[in-house]
Every structure is written in C-alpha cells, then in structure tokens.
Amino acid sequence: MNITIHDQLRAFVDPLTEIEHAALERSLLAEGCRDALVLWGDILIDGHNRYEICRRHGIEFRTVQNNSFASIEDVMLWMIDNHLARRSVSDFQRGLLALRKKEIVTARMAQQMAEQPPEPSPDDMDSRPPPPWNTREEVAKAARVSSNTISQIERIQKAAAPQLVEAVRSGTISINAAANVAQLPQEAQIAAVAGGRKELQQAARQVREQKAAGKPKKLGPDGEPVDEKAALKAEIAALKDRMATLLTENEILKQKLANGG
C-alpha cells in the first residue's frame with residue numbers, strides 16, 4: 001500500500017510527549033490498530049502517529065478514503081477543525097491552528113474576489129456581512145483562548161527562534177513568558193532556552209521590567225510623579241472607609257424604622 005506523508009499536513013499534528021507516545025505504543029501492541037487511518041487518495045490525513053508506530057512494529061492497520069475534498073486547502077481546514085475540537089491539544093497549538101485557518105480562509109476569499117469581483121449596489125454594501133474570521137476575537141473563540149493570548153502567539157510566530165517555539169510546545173515556558181522572550185535578539189533567545197526553565201523565566205522577567213521602566217510615569221496635579229501602588233492603596237482604604245460609613249448609616253436607619261420613626 002502506497003501511503004504518502006504530506007509535510008504541510010504533518011505539521012498540523014502536534015508531536016506526542018514521550019509519555020503519550022509510550023501509551024499509544026503499548027495500546028497498539030496489545031490491542032492492534034482498531035481505528036482506520038484516513039486517506040485522501042494516497043495522502044494520509046488522519047492517524048500519523050498510529051501509522052508511524054504500526055510501520056515500525058509491523059502492526060496491521062486498515063485505511064478508509066475521504067474523497068470529499070476539492071483541494072489540499074480543504075484537507076487542511078478539515079484537519080484544523082478536527083484538532084481544534086480535541087481537548088488534548090495545547091493552547092499554543094490551538095492558537096497556531098486557528099491562525100493558520102484564518103490565513104487559508106482569507107487567501108481563499110481574496111482569490112474568489114479576484115476571480116469574480118462583486119458588483120454590489122450601494123444598498124448591498126451596508127447589508128453585506130463582514131468576511132468570516134476577520135477579527136482576532138473570532139480566531140480566539142475558535143482556539144478557546146483569549147484575544148491577548150492570540151496576540152502573544154502571533155508575536156511568537158513572527159519573532160521567536162525555533163528553539164524558543166519548541167520550548168513553548170513542550171511546556172518548558174508559558175505563552176506569556178515566551179512572547180516576552182521573543183522580543184530579545186535571536187542569540188539571546190537561544191541562550192535562554194539552553195539555560196533551561198529558570199533562565200527563560202529570568203529572561204522574560206527582565207523584558208517585562210525593561211518595558212515597565214520605559215513607560216511614562218503618571219503625574220499628579222502638582223506635576224510630580226505619582227506612586228501608583230501607594231495611590232491604589234489609598235483609594236482602597238478610602239473605599240473601605242466609605243463602605244463602613246454606609247453600613248453604619250444603614251444600621252441607624254434600620255433602628256429608626258424598627259422604633260417607628
């Protein structure tokens with residue numbers, strides 16, 4: 001049987017951890033490959049990890065065809081939706097998948113408009129719905145993460161060294177911390193990854209501190225810098241005092257009502 005591994009499609013499958021891979025291997029050796037691998041023609045589109053293990057151990061497997069796709073982009077969208085629906089996929093991988101879906105959908109719409117430019121009337125322009133996947137909020141909703149997390153993943157995509165991306169994938173560093181480290185030069189990122197979890201956390205903290213130091217300080221009415229922490233504490237204390245006063249006044253009113261007046 002001729003089965004082709006498509007590199008772009010394989011990239012949509014998050015690598016298994018050592019524990020996950022070992023568990024899948026034990027299951028396949030003990031029970032065989034119960035679920036069929038899914039093919040589009042001779043291209044494997046579902047079951048990459050099972051296929052690799054079955055081939056290595058000579059385990060028999062079945063295949064089924066899914067011929068409902070018109071293009072490789074259709075296959076990509078199908079795979080992305082499958083993986084987005086799985087609970088085992090990490091937030092980082094879901095964010096990457098959702099952003100990739102946005103790219104495919106946007107490119108497809110641009111191509112369709114170029115091939116068949118619309119001729120709407122002025123009234124149609126007002127009622128026409130916005131294109132799908134047009135906002136970061138829509139991407140975040142599909143990935144089940146916040147819009148801020150999607151922004152951080154985009155920053156990692158654009159600026160992170162491959163070693164830093166792998167550290168996020170493996171869980172060595174959080175998305176938030178990696179987005180900060182990604183602002184460092186590539187050499188500094190690689191050095192931080194080589195130093196391990198503590199070094200990465202230290203690098204992320206240094207970037208945050210530098211950003212905070214670079215922010216303009218708030219000025220008070222007298223033109224002097226405001227100590228924001230002290231101002232916040234004073235505001236909280238004032239609110240507590242106001243709450244205590246209101247509770248006291250409320251208690252006095254209750255007593256007056258109870259006494260008839």
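The structure holds three aromatic pairs. One of them is formed by W40 and F69, whose rings lie 6.4 Å centre to centre with 85° between the planes, an arrangement that is edge-to-face. This pair links distant parts of the chain, since W40 belongs to strand β1 (residues 37–40), whereas F69 sits in the loop between β3 (63–65) and α4, and the two are 29 residues apart. Both W40 and F69 are buried. Together with W78, the residues W40 and F69 form one aromatic cluster. These descriptions, like those that follow, refer to a predicted model.

For the protein chain as a whole, the secondary structure comes to 13 helices and three strands. The chain has 261 residues, of which 31% count as buried. Among the contacts between residues at least 6 apart in sequence, 67% join residues that are at least 24 apart.

Three helix pairs are described in turn. Two packed helices are described by the angle between their axes and by the distance between those axes. Helix α4 (residues 72–84) packs with helix α5 (residues 91–115) at an angle of about 150°, and the axes of the two helices are 10 Å apart. Because angles over 145 degrees count as roughly antiparallel, α4 and α5 are roughly antiparallel to each other. The crossing in which α4 passes α5 is left-handed. On the side of α4, the residues that take part in the contact are E73, D74, M76, L77, I80, D81, H83 and L84, and these meet R94, L97, A98, R100, K101, I104, V105 and R108 in α5. When the residues of this contact of α4 with α5 are sorted by class, eight are nonpolar, one is polar and seven are charged.

A second pair consists of helix α7 (residues 136–143) and helix α8 (residues 147–159), whose axes come within 8 Å and cross at roughly 95°. From α7 the contact draws on R136, E137, V139, A140 and A143, and from α8 on S147, I150, S151 and E154. By class, the contact of α7 with α8 has four nonpolar, two polar and three charged residues.

The loop between α7 and α8 holds R144. Most residues other than glycine have a negative phi. R144, although it is not a glycine, has a positive phi of about 60°. The relative accessibility of R144 is 45%, so this residue counts as partly exposed.

P162, Q163 and L164 of α9 meet Q186, Q189, I190 and V193 of α11. In the contact of α9 with α11, four residues are nonpolar and three are polar, while no charged residue is present.

Helix α11 also contains A191. With a relative accessible area of 46%, A191 is partly exposed. In sequence A191 and A203 are 12 residues apart, and in space they are separated by 9.9 Å, C-alpha to C-alpha. The loop between α9 and α10 (175–181) is the place of S174. S174 has a relative accessible area of 40%, and this residue is likewise partly exposed. S174 and D91 are 83 residues apart in sequence, and the distance between them in space is 10.0 Å, C-alpha to C-alpha.

A further residue, E25, is placed in helix α2 (residues 18–31). E25 counts as buried, because its relative accessibility is 18% and buried means under 20% relative accessible area. When residues up to four places away in sequence are not counted, E25 touches I53, R56 and H57.

Conventions
Residues are numbered from 1 along each chain as its sequence is written. This is a predicted model: local features need pLDDT of at least 70, side-chain atom pairs count only at pLDDT 80 or more; totals for chains, interfaces and linings use all residues. Side-chain values use heavy atoms; hydrogens and water are left out. Axes are lines fitted to C-alpha atoms, for helices over the stretch in contact, and angles run from 0 to 180 degrees between N-to-C directions. Helices (H or I, at least four residues) and strands (E, at least two) are DSSP runs, numbered from the N terminus. Angles under 35 degrees count as roughly parallel, over 145 as roughly antiparallel, 65 to 115 as roughly perpendicular and the rest as oblique. A crossing is left-handed if the near helix is turned anticlockwise from the far one by less than a right angle, and right-handed if clockwise. Contact means heavy atoms within 4.5 Å. Ala, Val, Leu, Ile, Met, Phe, Trp, Tyr, Cys and Pro count as nonpolar, Asp, Glu, Lys and Arg as charged, and the others, Gly among them, as polar. Rings of Phe, Tyr and Trp (its six-membered ring) pair if their centres lie within 6.5 Å; planes under 30 degrees apart count as stacked, over 60 as edge-to-face and the rest as tilted. Buried means under 20% relative accessible area, exposed over 50%, partly exposed in between (1.4 Å probe, protein chains only).
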